[in-house]
Amino acid sequence: MTSRLDDLRDKTRDKLALTTFKLAILRSFTVEPIVPLLRSEAFAHGIDLEVHVGDFNTYVQDMLDSQSSLYRFAPRAVVLAVRTEQVAPELWRDFADLAPEAAQQAAERVVRGYEQWIGAFRKHSQSALIVHSLERPSSPSLGVLDDQSEAGQSGLIRQINRELRRIAAGFHGVYALDYDALVARHGSEQWHDERKWLTARLPIAAGYLLQMAREWMRFIVPLSGRTAKVLVVDLDNTLWGGVIGEDGMAGIKVGPEYPGAAYQGLHRALLDLSRKGILLAVCSKNNLADAMEALEKHPGMLLRPKHFAAMRINWTDKAQNLREIAQELNVGIEALAFMDDNPFEREQVRAALPEVTVIDLPKNPLEYAAAVRNCAAFERLTLSAEDRQRTEMYAAQKERSGNEQTFQSKEDFFRFLEQEAELEPVTDLTLARVAQLTQKTNQFNLTTRRYTEPQIAEMTKQPGWHVFSIRLRDRFGDHGLVGVAIAHDVGEQCEVDTFLLSCRVIGRTVETALLAHLAESAAQRGRKRLEGWYLPTKKNAPARDFYQQHGFEWQVTNCEGSLWTLDLTSCTLRCPDWIKLKVSDGVTEGNRGGKN
Amino acid sequence: MTASTFEQVRSVASDIFGIPAAEITTESSPETIENWDSMQHLNLVLAIEEKFGVQLEPEDIEQMKSIGAVAALVEKLQSAAR
């Protein structure tokens, strides 16, 4: 069996770097058949586990004696796997024979013992210590009477377990493993095998040895640092039942009733992960608009776009998308976990990116949530304030940096933004901001002419001068007044004196909306041509190709810059259809500019 | 004891004790197989139970003193189950 494990290690090592980890198991029962299961589970998490098993029931000596084989082994972590029957025999057998005071004293003696051993352990070693809680008897000696008092057999063992949690919390790196709950989860009758206990001191039935190994892994994985920081999820038949592109909003299954409830169960498990600081991301082969509609609007969805730190909704292969997600979130590829109902996608990711933790979703969606909750890669042994807020921090960052890369095309992204622009002639209320923008804006500024408030105010009084401002709102909030255009009519043409846009909103086509309005309003005033200079500076390269991209014709280049014109009689320049543009005439006190 | 039961037990034992199946005979026992200690005995019990879908009683485990005895035991339990 050992040689098979060595083969497994070699095979794993070919694909990903293994973290070595030394684990000691102190025990009061046979754990040897669990060790190979534990080591092979560990390989699956990228951990090469070296295991030292203490002698039967020598755990006290091992912990107290600084020269013991335990400390010589220098483990990274130690499991104290001791059963009630050995550590508290008087509470386990003949309990009914004990006077209440004697029973209480026995329980306190057990707690003092643990306190002493754990204290000594901490003195001799900085290793992590994982302490099994004590299981309660499945059939207490007094039957149902036992449950009528806190001082019964079960009550006292519960009391010991509470104290064990308190002791563990008092030390750094000492953790409680709720063995009693583990047994209960699988059912005491199934978990135990009395024959093996009596013949080989193995209390756990063969079918549950793996469960014991997996419970230990939930501590070993976070201790070894091989945890996943991001869970990337598929959408169709993973976050909801059905295929959004085919079944539509009304057809997909997600909600409080069966079968949609299975998916809500998964949503809750994912939300719990994000509360532990694990980021969520989407990787789905879908049409963006279909998928976003479901994520945003489906009433059964507990998860919304704000819960995802990154999204890749496209038809690219998933391995490539996962690489991009890791890059976008600034984590290594080994920090990703991946969940998909489609075995093909899972295998593809496994083959291309062996570092990624791939979660094998069970066939039945009702079991999805448990598959996530039981995955050791998401276990954490401590939680910082930052962990709790990580999702929000990433969400804010994502909004600031823009999330164009999520979308198949720029147009998709622009539609997703739901931009609403409001265009109006400068007013008393906007004068200060307009002047400020002419003074501060460097990048997207075609002429970089700086104006003071009085200068702008003076301009608006001159016939033929038009000063426009544009405000922008989108799904991420109100950007305020972000653009300014100043034009004046000279004969048959309208000259663009100033055209600028705050760098916050460059590249999302609001500039096109502003320019289109300049052209339309000039045409309405009977002008034949729109004319504008591009005056290069050290900083305004982003505006260099602006006129050319919008159908202007180059006229001349001199030492200051280049002149471009647009024929308004044949002009097709329009506000992009993804921007909702509202043009107001801005008639307020002091406004003498504006459209004529 | 049929040849096929013996073959299957032999293959399980070969895995557990880490020795070639060809070296295992019906006479092989803890005395002749170096690896056959109490822990490997437990592993053998677990493997036999899993492979043949049988439940070994403490008395059965006592009797598993050679590979031939193990194979005979498996057949007895299987025919009892039928």
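**Close-up views of a predicted model**

View 1. In chain A, helix α17 (residues 343-352) lies across strands β9 (336-340) and β10. Its direction makes an angle of about 160° with β10(A). As with every view here, what you see comes from a predicted model.

**View 2. The open sheet.** Let us turn to the sheet itself. Five strands of chain A line up in the order β8-β7-β6-β9-β10, with parallel pairing, and the sheet they form is open. At its edges are β8 (308-314) and β10 (357-360) of chain A, each of which pairs on one side only. From one strand to the next, the twist averages 20°.

**View 3. Where β7 meets β8.** Strand β7 (residues 279-285) of chain A runs parallel to β8(A), and 6 bridges join the two. To find your way along this pair, look for A:S284, which stands opposite A:I313 in β8(A).

**View 4. The largest nonpolar core.** This core has 136 residues. Among those with the most contacts inside it are A:I220, A:V230, A:A281 and A:L336. Helix α12 (residues 209-224) of chain A supplies the largest share, 9 residues. Both domain 1 (2-224) and domain 2 (230-410) of chain A contribute, with at least three residues from each.

**View 5. Around A:L336.** Setting aside neighbours within four places in sequence, A:L336 is in contact with A:A228, A:V230, A:V232, A:L322, A:I325, A:A326 and A:V356.

Notes
Residues numbered from 1 in each chain as written. Chains lettered and ligands numbered in written order. Predicted model: local features only at pLDDT ≥ 70, side-chain atom pairs only at ≥ 80, totals over all residues. Core = buried A, V, L, I, M, F, W, Y, C linked by C-beta atoms within 7 Å. Buried ≥ 20, exposed ≤ 12 C-beta atoms within 10 Å, placed from the backbone. Helix = DSSP H or I, 4+ residues; strand = E, 2+ residues; numbered from the N terminus. Domains from an automatic or database assignment. Contact = placed C-beta atoms within 7 Å. Pairing = 2+ DSSP bridges. Axes fitted to C-alpha atoms, helices over the stretch in contact; angles between N-to-C directions.
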